[in-house]
Amino acid sequence: MGEVLVITSGKGGVGKTTTTANLGTGLSLLGKKVVMIDTDIGLRNLDVVMGLENRIVYDIVDVVEGKCRLKQALIKDKRFEGLYLLPAAQTRDKNAVSPEQMINLCNELKEEFDYILIDCPAGIEQGFKNAIAGADRALVVTTPEVSAVRDADRIIGLLEANDVRNPMLIINRIRVDMVKKGDMMNIDDIIDILAIDLIGVVPDDENIIISTNKGEPVVTDNKSMAGQAYRNITQRITGQQVPIMDLEFDKGFLGRLKRLFGIKA
Amino acid sequence: MDLFKFFNRGNSSKDVARERLKLVLVHDRANVSPQFLEMLKGEIIKVISNYMEIQTDELDIQLTRTKSDDGERVVPALVANIPIRNMKNVGK
């Protein structure tokens, strides 16, 4: 029996889709059978982030309306064993799917997959309600900005109200240089405010943009810090204990000098 | 970097962000008007004043969130910080 995880945030543009793509890919690399569902009907993007935009025939609305079988709409990612995508419809609106239909869809997919990752749309309206309807667990993505943290707080409240228990936090796009200067909230500040458990921290990394340009998730890039952060989160999802990575790794001369003298800057 | 923090103490922009967020979330979470909190505060002061002398201007009431006892859920919590000046003798 699989597990349904919804990736949500409230605010748009904090990295829900990128997170879904990387965690889905990362879990498949761990040998899990994974399906990612894009529930952002009308504004689908998980397909382009994954580089699968040319392979769409049917979408989630076709499935719930019975125009095709579920199997026909699932796009198999040929690069990663066991990874599938169920794309959103681009020409319909959020009301084309109901929470009951989402629950049925999730239950059907649970039979066959280890993990079902749901990419939630921004906002707290119908699309959000659909996305969380069938979820067992929620991952809340935020960035260290007041607007994103405020919206994350609202989402945590709504998840609780809808019986999605124990949401876990992903802090995305943290910049160590700014945190050090006191110009960006640090991990402790955000956890203290939101009062939920942390499942991972992803540093701001230009490799994300480069890999998204190419349609290849950064989690496959062994040299990227963000890729490592996503690999760590996938391991934590499967229940392994992995320490939060040290983002303070300073490659420069000064960094090496500091390490030489044992100074933890 | 501690030296840096020393010079920057108290006015770094992240501290401003933190404090502003905390304030705005009090109201977001309460889902009630500031008047409601003021009314609640007034009532609490009235009741407690029957038993002890408190510093009303320092009284701080916030709606926030905390982990439930079993650690499974996040629950709303009313946190009140009420500085006491003196106990009254009515209870004896």
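Predicted model: local features only at pLDDT ≥ 70, side-chain atom pairs only at ≥ 80, totals over all residues.
The contact between chains A and B takes 20 residues from chain A and 21 residues from chain B. On the chain B side, the elements that give two or more residues are helix H1, 2–8, helix H2, 13–30, and strand E2, 60–67. H2(B) supplies the largest share of that side, with 11 residues. By type, the side of chain B that touches chain A divides into 11 charged, 6 nonpolar and 4 polar residues.

Next, the helix pair. H7(A) packs on H2(B) with the axes 10 Å apart and an angle of about 30° between them. Angles under 35 degrees count as roughly parallel, so H7(A) is roughly parallel to H2(B). The crossing of H7(A) with H2(B) is right-handed.

Which residues make that contact? From H7(A) they are Val146(A), Val149(A), Arg150(A), Asp153(A), Arg154(A) and Gly157(A). From H2(B) they are Ala17(B), Arg20(B), Leu21(B), Val24(B), Leu25(B), Asp28(B) and Arg29(B). The residues of this helix contact divide into 6 nonpolar, 6 charged and 1 polar.

Stay with H7(A) and follow the chain past its end. H7 covers 146–161 in chain A, and a loop leads from there to strand E7, 168–174. Two residues in that loop have backbone angles to look at. Asp163(A), which lies in the loop, has a phi near 65°, a positive value in a residue other than glycine. Asn166(A), found in the loop between H7 and E7 as well, has a positive phi of about 50° and is not a glycine either. For background, most residues other than glycine have a negative phi.

Are these two buried or exposed? Asp163(A) has 9 other C-beta atoms within 10 Å. The cut-off for exposed is 12 or fewer, so Asp163(A) is exposed. Asn166(A) has 15 other C-beta atoms within 10 Å, and it is therefore partly exposed.

Now to strand E5 of chain A, residues 115–119. E5 is mostly covered, with 5 of its 5 residues buried. In a regular strand the side chains alternate between the two faces of the sheet. Here Tyr115(A), Leu117(A) and Asp119(A) point one way from E5(A), while Ile116(A) and Ile118(A) point the other way. All of them are buried, Asp119(A) included.

Which strands pair with E5(A)? Strand E1 of chain A, residues 3–8, pairs with E5(A) in the parallel sense over 5 bridges. In that pairing, Val6(A) has Ile118(A) as its bridge partner in E5(A). Strand E2 of chain A, residues 34–38, is joined to E5(A) by 5 bridges, and these strands run parallel. There, the bridge partner of Met36(A) in E5(A) is Leu117(A).

Last item, Thr220(A). Thr220(A) lies in the loop of chain A between helix H10, 206–214, and helix H11, 225–237. With 17 C-beta neighbours inside 10 Å, Thr220(A) counts as partly exposed, because a residue needs 20 or more to be buried. Where are its contacts, once neighbours within four places in sequence are left aside? Thr220(A) is in contact with Thr25(A) and Gly227(A). As for distance, Thr220(A) and Ile244(A) are 24 residues apart in sequence, and their C-alpha atoms are 19 Å apart in space.

Methods:
Residues numbered from 1 in each chain as written. Chains lettered and ligands numbered in written order. Helix = DSSP H or I, 4+ residues; strand = E, 2+ residues; numbered from the N terminus. Contact = placed C-beta atoms within 7 Å. Nonpolar A, V, L, I, M, F, W, Y, C, P; charged D, E, K, R; others polar. Pairing = 2+ DSSP bridges. Axes fitted to C-alpha atoms, helices over the stretch in contact; angles between N-to-C directions. Parallel < 35°, antiparallel > 145°, perpendicular 65-115°, else oblique. Left-handed = near helix turned anticlockwise from the far one by under 90°.
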